[in-house]
Amino acid sequence: MTIPKELLSGMYRKMQSIRKFEKTASVFFAEGKIPGFVHLYIGEEAIAVGACANLRDDDYITSTHRGHGHIVAKGGNLKYMMAELFGKETGYCKGKGGSMHIADAELGILGANGIVGAGHLIATGAAWSAKYRGTDQVSVCFFGDASTNQSTFHEAMNLASIWKLPVIFVCENNLYGISVSQARHQNIQDISERAVGYGMPSLSADGNDVLTVYEKVGEAVSRARAGGGPTLLEFKTYRHHGHFEGDAGAYRPKEEVEAWLQKDPLPRFESYLLDNGVLTEEELETIRQEIDQEIREALEFADASPYPAPESSVRDIYSDLIEEARIR
């Protein structure tokens, strides 16, 4: 597999953007400047970036309560994201959605979602829309391991398989459903096994290797665009922080945490880029500094933005214009 330097550099930039955005969110949440709950994507960056590197702007994604990484990887605006986290009216959802409800229809981002398993059916519906309209758009559904116990997962898998819909189900298996380990909520080791019951191709792979993710999702995307139907991809990974900010994660053995920290996807990718002469340390540092500046600008934008007016709470609840509600 030969990947152009520009694409590899772009993937590294996206991974760094996610990591730095999330670290910044962690700091400001701890200071009480970000309201509500915050679920960080630190440690899982390779999956969102590797998957979205195969997508076009008009392709769709659905996300989860841990959605910042997916939004950034698909091309989301850091300023609008930061403003949304801070509850400001310049945010993606005018400060009303917060950390778990960011969307950008222009980029095919159909929304992060605080409801576990909600994205399965939304992504399948978007895939049906693409097939109905005769386009070659695809839909990628990101979800966690525990959500595969939800009925929505099985309903979506069944329908997508029967109708050969262009949807790729991407399971980000970070081994825990909140504080419950996969071994305690499922009697299987690989979630990919669940595809057998629906006659759907599947595989399990290393979710901390961005190139593996890029390759496997790319194969599934090509298959979907060509009319070959859905695929279930399970990528095993690990969140570095607790389930949410403030969760000490005492339910995870220290030895397990340390072992997974050694598999951090970011330094792994940096080593690959350096060892293969793709980028120099100076070029990597330049990218890091540029992203630091972007994060500073996003913070300044969010800080300077006003809070939504109280009377705006009843606006934007629904649209009475059918044209506005249509998926392009």
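Helices (H or I, at least four residues) and strands (E, at least two) are DSSP runs, numbered from the N terminus. By that count, the protein chain here has twelve helices and seven strands. Its radius of gyration (taken over C-alpha atoms) is 19 Å, close to the 20 Å that the globule rule gives for 328 residues, so the chain is as compact as a globular protein of that length. The globule rule is 2.2 Å times the number of residues to the power 0.38.

This is a predicted model, where local features need pLDDT of at least 70, side-chain atom pairs count only at pLDDT 80 or more, and totals for chains, interfaces and linings use all residues. Residues are numbered from 1 along each chain as its sequence is written, and side-chain values use heavy atoms, leaving out hydrogens and water.

**Overall build**
- Along the principal axes, the C-alpha atoms of the protein chain fill a box of roughly 55 × 50 × 40 Å.
- Of the 328 residues in the protein chain, 52% are buried (under 20% relative accessible area, with exposed over 50% and partly exposed in between, using a 1.4 Å probe and protein chains only).
- Take the contacts (heavy atoms within 4.5 Å) with a separation of 6 or more: 74% of them join residues 24 or more positions apart.

**Two residues to look up**
- Most residues other than glycine have a negative phi.
- Lys164, although not a glycine, has a positive phi of about 50°.
- You will find Lys164 in the loop between α6 (151-162) and β3 (167-173), and its 47% relative accessibility makes it partly exposed.
- Leu175 is not a glycine either, yet has a positive phi of about 75°; Leu175 sits in the loop between β3 and β4 (176-177).
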